[in-house]
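Open the model in your viewer and keep the selection tool at hand. The tour has two stops.

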Amino acid sequence: MKGKYYIQASAAISPQESFSGHFVPQLPTLADKNLLRIKEPDYSVFIPPNSLRRMSRVLKMGLVAALQCLRNGGVSMPGAIITGTGKGSLQDTERFLKNITEYAETALNPTPFIQSTYNSVNGLIALQQKYMQYNNTFVHRGFSFEHALLDSMMQLNEGNTDVVLAGAFEEISDEHFYIKGRIGYWKEVLTQPAELLTSGTPGTIAGEGSAFFLLSNQPGNDSQACIEGIKMLYKPTEEKLHTALEVFLKQHNLEPADIDLLITGQNGDTNHDHYYHNLVVQYFPATHSLPFKTLCGEYDTASAFALWIATRVIKEQGLKKVLIYNHFYGDQHTFLLLSNDH
Amino acid sequence: MAERVFITGVGMISAIGNNVQENLRHLREQKSGLGYTRHIDTIHKNVLPVGEVTADTPTLATMAGVQDTPGYTRTSLLGLVAIQEALQSAGIKDARELPTAFINASTVGGMCDTEKVYFDILDPNKEGDFLKYIDTLDCADCTQRIADAVGIDEYVTTISTACSSSANALMYGARLIQQGLVQRAICGGTEALTRFTMNGFNSLKNIDKQFCRPFDQQRNGLNLGEGAAYLVLESESLVKERKVQVLAELSGWCNTNEAFHPTAPSPEGDGAYEAMKNALKMSGRSIADVQYVNVHGTATLNNDISEGIALERLFGTQVPKFSSTKPFTGHTLAAAGAIEAIFAVLAIREALIFPNLHFSQKMEELNITPETQLLENHPVNNVISNSFGFGGNNASLVISKYEG
């Protein structure tokens, strides 16, 4: 998909100081687990105490990032709300599974079941904003946020609206961290983000976060960046991946050397980092690159945080063309091209 | 002008049959698939009726031709059985022949299998085969298993908007075609019954202990079901190039949100009304062109009031024949939109209107009643198919007779 989709506003909750507005990338120090947690904002500024008490973690982080994004853009009623999440509310899913066993399937509290539904964040945003139009939720690992973006771009192309709220949210629970650890998702030895990329071991460090964007087909006064194209590849061979990159750049009349910054999802996992390494060696040997997962950890929708970083650096550093290349455990690969057009 | 989108293949499995023909036969015979679970270990097994697919999981694996490959969840297997029929029905021998999108829908992924081993997975002292089910916890697993088995890789994704999931998958696939990103999209959903979901709906006091009675004054909730269904969507230009048979046209669609309540619809049916109205507008048809509405009709107290009022608001005194087919299949959640879209195709092709089983008494809030008889030789040119869900997510599709 190719076009001009202007990012009018954004907001991110992440393991970085991204929500407060004073973002300076910091490599966090891990205490005892290969796991990066978000810096929790003061949710009570956004959500009344009665509602707040009932809401589980990912609902809070999803809803508040969305509300802040709308505030930042001065928009109360977007024309579509489209989200992505790989795992939804893990906390609620785990709680309901436990309740079923613990209470032997009787007198169960329905709240965790309701909140475990993948579109519950989307429903909450709509409820809060009294919003009544297009609403969709993608739940496909490293293609969750990507399809939320593609759907948003199609909504804008179709002329249904001129502003779409698109975002993603993901949490990591202790329980899920343990489970995924059993099948090699994380590094076995405590590995600091500063050493992540040179660790030379399989697995990576877990992360979480929530990021939302207001996209428009019209440039605005405060446009942060412009999405020019997206290309997804499912389980490609490296050859197919490289050919797709060449075609993608060509469609935009670009050479690899025209890319000012390459943001990569490199995460120090020796099973899968070769995709990044080989692509950089072949196409971007001299291009400045920013591996973002040392800042946020690995999760299904980490690419939403990469996009948020891209909007920052494009503006602050006056970059013209930025390419994000991310994949999730080697299965879902995405190129996202951004410019400073506004 | 965006390309028209045609339905060229259908495949399904539900409590009333392992393929489209069996489903059609049981619809004609007015034979409900509701009963009691034989596959789920739950205290509700003799209490809460369900629409369960007869075959056990190993049998499904054999039907899908993957009996020698472990690791497929029941969710994946139901999907695999349905998609193989859909491809065959569209005359597609090898899905790899064209860049194709697979847009799947799921509400709880592989929960049907993971819930059985979840506490073993959490126990550091336990090792074993169950570890290979860890990655089936999410919704993407079934989609990728199915995509890999049939060889689709251009666009592969999963939608989860509760009970409207597969209606949204159909819309999304149709839009990918209209935007020129693919010429062919296979869309639908798969849902296996789980203890998790049964207890979830039961905790909401939404399940009837009797067989569900949509649009009946005495209705008292839904019955859950399981199944899978996929529709092959192709662009008009591809259909012409392939000279393939068109089963029907997906002529209109709309997705709205209701912003009323996380699990209940508004009493005035605002979301349902908007979804139907706008889908019909997009299809270029008028209310007089609609012969049949396959309603969401879950038989919950709230849904049927809200949907019924929306029908009366949209159609006035001229509400077309309508029925809920959930007394046949149960409410199959993520698969429901696609299963019922296929029923809409069958209504058009077979000139049939399906009866709303288990109806006896008109709802006091409504002036309308569902069709309770099987109507044969009843020309149907346009069907509205409704799917409404948690989070206020409403989806309506318009499926139309192919006129060439």
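Which residues of α8(A) meet which residues of α9(A)? Select A:Glu238, A:Leu241, A:His242 and A:Leu245 in α8(A), then A:Tyr275, A:Asn278, A:Leu279, A:Gln282 and A:Tyr283 in α9(A). Contact means C-beta atoms, placed from the backbone, within 7 Å. These residues divide into five nonpolar, three polar and one charged. Nonpolar covers Ala, Val, Leu, Ile, Met, Phe, Trp, Tyr, Cys and Pro; charged covers Asp, Glu, Lys and Arg; the others, Gly among them, are polar.

A note on the source: this is a predicted model, where local features need pLDDT of at least 70, side-chain atom pairs count only at pLDDT 80 or more, and totals for chains, interfaces and linings use all residues. Residues are numbered from 1 along each chain as its sequence is written, and chains are lettered from A and ligands numbered from 1 in the order in which they are written.

Now show helix α8 (residues 238-251) and helix α9 (residues 274-283) of chain A whole. Helices are DSSP runs (H or I, at least four residues), as are strands (E, at least two), numbered from the N terminus. The two axes come within 11 Å and cross at roughly 45°. Axes are lines fitted to C-alpha atoms, for helices over the stretch in contact; angles run from 0 to 180 degrees between N-to-C directions. α8(A) and α9(A) are therefore oblique to each other.

Move to chain B. Colour domain 1 (5-242) and domain 2 (250-400); the bounds come from an automatic or database domain assignment. Their centres, over C-alpha atoms, are 21 Å apart. The contact takes 60 residues from domain 1 and 54 residues from domain 2.

How values were computed. Parallel < 35°, antiparallel > 145°, perpendicular 65-115°, else oblique. Contact = placed C-beta atoms within 7 Å.
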